[in-house]
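Hello,

Here is the structure we talked about. Please open it first, then read my notes below.

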Amino acid sequence: MTSTSSATTAPAADSRALGLAHYAARGVLEHVLARHGVTFPQQIALRAAVTADSPRTPDELVAQVHASLKADPAGLRATLDELVAKQLLVAQGGRLRPTDAGRELLAAVGAETAPISARIWGGIPAEDLAAAGRVLALVTQRADAELAALSG
């Protein structure tokens, strides 16, 4: 009797598989974010501001979000302006800090997505998650290097 495991029958990880997983997970998050009236880039920028040790300048936030999203800096500045207009960030002395409403929004989104994330990630063996984490970190490092070379 021959036994086949899912590890031997699963497709090899590649850019397409990574992209499909990313967009599936992002689609779930964007569905939740839409109910709260924010976009994915807004949520990423707001999270960067909320998790910062101290208020950041707009340039610092743009740089941080650009490093994550690889998005156009001008568009990211517009995203920050949108967050200020929504009163999720406030400008003080040339720095942006999250408002209570911004913190509450992230907490609400986190509470709403937590059970969904548990269903998505639940049951995956820890060793598989560790291996995937190592591979994704390496792919990110290499892709960032290639992007820097293309941009340089």
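A residue counts as buried under 20% relative accessible area, as exposed over 50%, and as partly exposed in between. Keep that in mind for what follows. Note also that this is a predicted model.

Overall picture first. The protein has 7 helices and 2 strands. Starting at the N terminus, the order of elements is α-α-α-α-α-β-β-α-α. The C-alpha trace spans about 70 × 40 × 25 Å along its principal axes. Of the 152 residues, 20% are buried. The protein exposes about 10100 Å², and carbon and sulfur atoms supply 59% of that area. Among contacts with a separation of 6 or more, 56% join residues 24 or more positions apart.

Now the charges. There are 14 positive and 15 negative ones, and their mean positions are 2 Å apart. Side chains of opposite charge can pair when their charged atoms come close. How many salt bridges does the count come to? The count is 5. Here are three of them.

Arg95 and Glu60 form a salt bridge at 3.3 Å, N to O. Arg95 lies in strand β2 (residues 95-98) and Glu60 in helix α4 (residues 58-69), so the pair ties together parts 35 residues apart in sequence. Arg95 has 36% relative accessibility, so Arg95 counts as partly exposed. Glu60 is also at 36% and partly exposed.

Arg35 and Glu112 meet at 2.1 Å, N to O, in another salt bridge. This pair links distant parts of the chain: Arg35 is in helix α2 (residues 15-35), Glu112 is in helix α6 (residues 100-121), and they are 77 residues apart. Arg35 is exposed at 52%, whereas Glu112 is partly exposed at 24%.

Asp144 and Lys70 make a salt bridge too, at 3.0 Å, N to O. Asp144 is partly exposed, at 32%. Lys70 is partly exposed as well, at 36%.

Next, the surface. Leu18, Val135, Leu136 and Val139 make a nonpolar patch of about 300 Å². Helix α7 (residues 126-151) gives the largest share of the patch, 3 residues. Val139 is in helix α7. With 38% relative accessibility, Val139 counts as partly exposed.

Is Gln43 buried or exposed? Gln43 is buried, because its relative accessibility is 5%. Gln43 sits in helix α3 (residues 40-51). Leaving out residues up to four places away in sequence, Gln43 touches Leu29, Leu33 and Leu106.

Best wishes

How values were computed: Residues are numbered from 1 along each chain as its sequence is written. This is a predicted model: local features need pLDDT of at least 70, side-chain atom pairs count only at pLDDT 80 or more; totals for chains, interfaces and linings use all residues. Side-chain values use heavy atoms; hydrogens and water are left out. Patches are made of residues with over 30% relative accessible area and no salt bridge: like charges are joined within 9 Å, nonpolar side chains (Val, Leu, Ile, Met, Phe, Trp, Tyr) within 5 Å. Accessible areas come from the Shrake-Rupley method with a 1.4 Å probe; for residues, only the protein chains shown count as cover. A salt bridge is a side-chain nitrogen of Lys or Arg within 4 Å of a carboxyl oxygen of Asp or Glu. Helices (H or I, at least four residues) and strands (E, at least two) are DSSP runs, numbered from the N terminus. Buried means under 20% relative accessible area, exposed over 50%, partly exposed in between (1.4 Å probe, protein chains only). Contact means heavy atoms within 4.5 Å. Lys and Arg count as positive and Asp and Glu as negative; His and the chain ends are not counted. The place of a charge is taken as NZ of Lys, CZ of Arg, CG of Asp or CD of Glu.
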